[in-house]
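Here is a short tour for anyone who likes to start from the atoms. Have a look at the sequence and the structure first, and then read on.

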Amino acid sequence: MSKEYDVVVIGGGPGGYNAAIRAGQLGLSCAVIEMRDTKKWGGTCLNVGCIPSKALLHASELYEEAEKNFAGMGIKMSGLKVDLPQMLKQKEEAVDGLTKGVEFLLKKNKADMFYGRGEVTGATEVTVHGDKKQVLKTKNIVIATGSEVTPLPGVDVDEKQIVSSTGALDIPKIPKHLVVVGAGIIGLELGSVWRRLGSKVTVVEYLDRITPGVDAETAKQFQRILKKQGMEFKLGMKVTGASTTKTKVKLSVEPAKGGETETIEADNVLVCIGRRPYTAGLGLENVGVKVSDRGVVETDHFRTNVPSIWAIGDCIKGPMLAHKAEDDAVACIELIAGKAGHVNYDLVPSVIYSAPEVAWVGKNEEELKEAGIAYKVGKFPFMANSRAKTNHDTDGFVKVLADAETDKILGVHMIGTNVGEMIHEACMTMEFGGASEDIARTSHAHPTRSEAVRQAAMGVEGWTMQA
Ligand code: FAD
Ligand code: NAI
């Protein structure tokens with residue numbers, strides 16, 4: 001009789017590979033399937049998402065730093081220029097190293113790796129359509145097939161002139177003018193990359209604000225800083241169509257509320273209006289797994305309506321973030337193993353890796369107002385933080401929101417250099433149900449940017465000392 005696995009995971013991204021690792025750790029036999037042509041593990045995140053985007057953000061930030069700020073620091077240099085092929089190559093090296101690292105971890109944890117499209121052909125059976133067809137029998141199936149770019153009708157992505165985030169990671173020539181459609185995380189991160197490298201960047205956004213979901217005061221400050229850096233915004237505008245010539249893209253844009261159409265000419269257009277769950281060719285209909293109108297696999301504690309089939313990561317509800325997919329994976333496998341897996345979705349942090357960074361966890365002011373929760377605010381600007389002043393890097397602030405009665409921290413919002421690292425102090429405190437006073441009375445090393453978090457926490461009770 002052929003082997004029966006405890007778990008077969010479909011998809012090798014942060015959801016899938018972490019599920020396979022945790023399964024191995026808990027002594028469950030596991031197979032994991034990935035259909036990427038390159039046979040590289042790590043999913044969207046490692047191949048065309050988090051990692052390559054951060055590699056370009058890092059390199060382009062160093063370039064801008066050298067170009068704009070070295071002289072003021074007393075560092076003289078000449079002949080500075082961008083070597084785009086090398087910049088793209090070092091990005092690929094980062095991707096290669098990390099995808100190989102995931103393959104090593106899968107082997108270490110005894111996962112059987114299969115290449116090809118996984119199709120659910122029964123409640124306990126997955127067929128791999130690879131070089132050859134293989135049928136895997138299993139007690140449990142975990143769907144971790146991730147997400148794909150949401151298309152924009154009338155603006156067809158060719159990954160050359162009109163690109164999605166994937167094409168935007170590999171534009172071979174710095175565009176003179178890049179138009180970004182959607183002022184969300186991808187648009188502002190990748191828009192920042194190309195602006196720093198010399199592109200004029202125009203961001204067209206449907207809403208009358210950028211980064212919906214981000215605390216409004218923080219988003220406003222963020223937009224102000226991006227504008228100061230040279231990014232242009234057209235808010236409250238919708239793109240109605242695009243046409244291309246050999247070298248240019250012409251975008252038709254009109255006010256979201258209706259009005260006159262204008263044409264914007266660009267060398268490249270980046271379409272980034274969101275992502276949607278990816279379940280094409282997966283065969284969910286073969287076994288009747290329920291999927292919402294918007295394509296989200298419906299789950300209750302990761303279990304679908306078919307008891308042996310589970311789902312995690314971008315293809316289920318919740319934020320589409322790599323660490324959320326990882327958290328889902330651990331909890332789901334622990335539940336399969338009979339343990340008490342759980343994810344606290346209220347405390348999944350978010351970071352936008354622009355310069356400055358934006359980071360937040362918990363509720364924002366608008367959400368607290370809407371829920372009718374009385375809260376106090378403590379806020380501290382980096383302008384008054386000694387390390388930020390020393391480094392001539394004072395944009396941004398830290399804002400702590402705490403329950404007006406109990407002082408329990410309800411949300412923390414930050415904008416500034418390194419806040420993507422600093423947010424975890426807030427996550428930990430909140431995970432333990434901590435109060436603003438807990439942060440305010442915790443010693444913070446001097447001089448660090450983290451002192452701004454302490455000063456903001458002090459501000460909740462009105463005793464900020466350094467501003
Ligand atoms: P995915 O990573 O999408 O992995 C799913 C995998 O399943 C894919 O490799 C796919 O090929 C495979 N697959 C699909 N169907 C099948 C099938 N039938 N058979 C076999 N294999 C299949 N998140 C962050 O937290 N931080 C960031 O900085 C960040 N930056 C990002 C930047 C960009 C440009 C993009 C696009 C995304 C970014 N994200 C970031 C989001 C992050 O990449 C996703 O949230 C994360 O990858 C989701 O993990 P997942 O395992 O659910 O799905
Ligand atoms: P997004 O949801 O962050 O932003 C999309 C933006 O497009 C929104 O502002 C929305 O109002 C706007 N929009 C929607 N339709 C539009 C239209 N027709 N015309 C103009 N604007 C329109 O989506 P994005 O940037 O594509 O990113 C997708 C997801 O990828 C993110 O939500 C996040 O989950 C993940 N991601 C995370 C990163 C991180 O954690 N640093 C980095 C990049 C992506």
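## A helix across the sheet

In this predicted model, helix α6 (residues 185-197) lies across β9 (177-181), β10, β11 and β15 (268-271), and it runs at about 165° to β10. The strands it crosses belong to an open sheet of five strands, ordered β8-β15-β9-β10-β11, with parallel pairing. At the edges sit β8 (162-163) and β11 (232-234), each of which pairs on one side only.

Let's zoom in on one pair. Strand β10 (residues 200-204) is joined to β11 in the parallel sense over three bridges, and Thr 202 stands opposite Glu 232 of β11. In general, strands of a sheet pair through backbone hydrogen bonds, either parallel or antiparallel.

Leaving aside residues up to four places away in sequence, Leu 106 touches Tyr 17, Ala 20, Ile 21, Val 32, Trp 41, Ala 111 and Met 113.

Finally, the ligand. There are 39 residues around ligand 1, and Gly 15, Glu 34, Thr 44, Lys 54 and Gly 118 come nearest.

| Residue and atom | Ligand 1 atom | Distance |
|---|---|---|
| Met 35, backbone N or O | nitrogen | 3.3 Å |
| Met 320, backbone N or O | oxygen | 3.2 Å |
| His 323, side-chain N or O | oxygen | 3.3 Å |

Methods: Residues are numbered from 1 along each chain as its sequence is written. Chains are lettered from A and ligands numbered from 1 in the order in which they are written. This is a predicted model: local features need pLDDT of at least 70, side-chain atom pairs count only at pLDDT 80 or more; totals for chains, interfaces and linings use all residues. Side-chain values use heavy atoms; hydrogens and water are left out. Contact means heavy atoms within 4.5 Å. Two strands pair if DSSP finds at least two bridges between them. Helices (H or I, at least four residues) and strands (E, at least two) are DSSP runs, numbered from the N terminus. Axes are lines fitted to C-alpha atoms, for helices over the stretch in contact, and angles run from 0 to 180 degrees between N-to-C directions. A residue is near a molecule or strand if one of its heavy atoms lies within 4 Å of it. A polar contact is a pair of N or O atoms within 3.5 Å; within protein, one must be able to donate a hydrogen and the other to accept it, and residues adjacent in sequence count only if both atoms are side-chain atoms.
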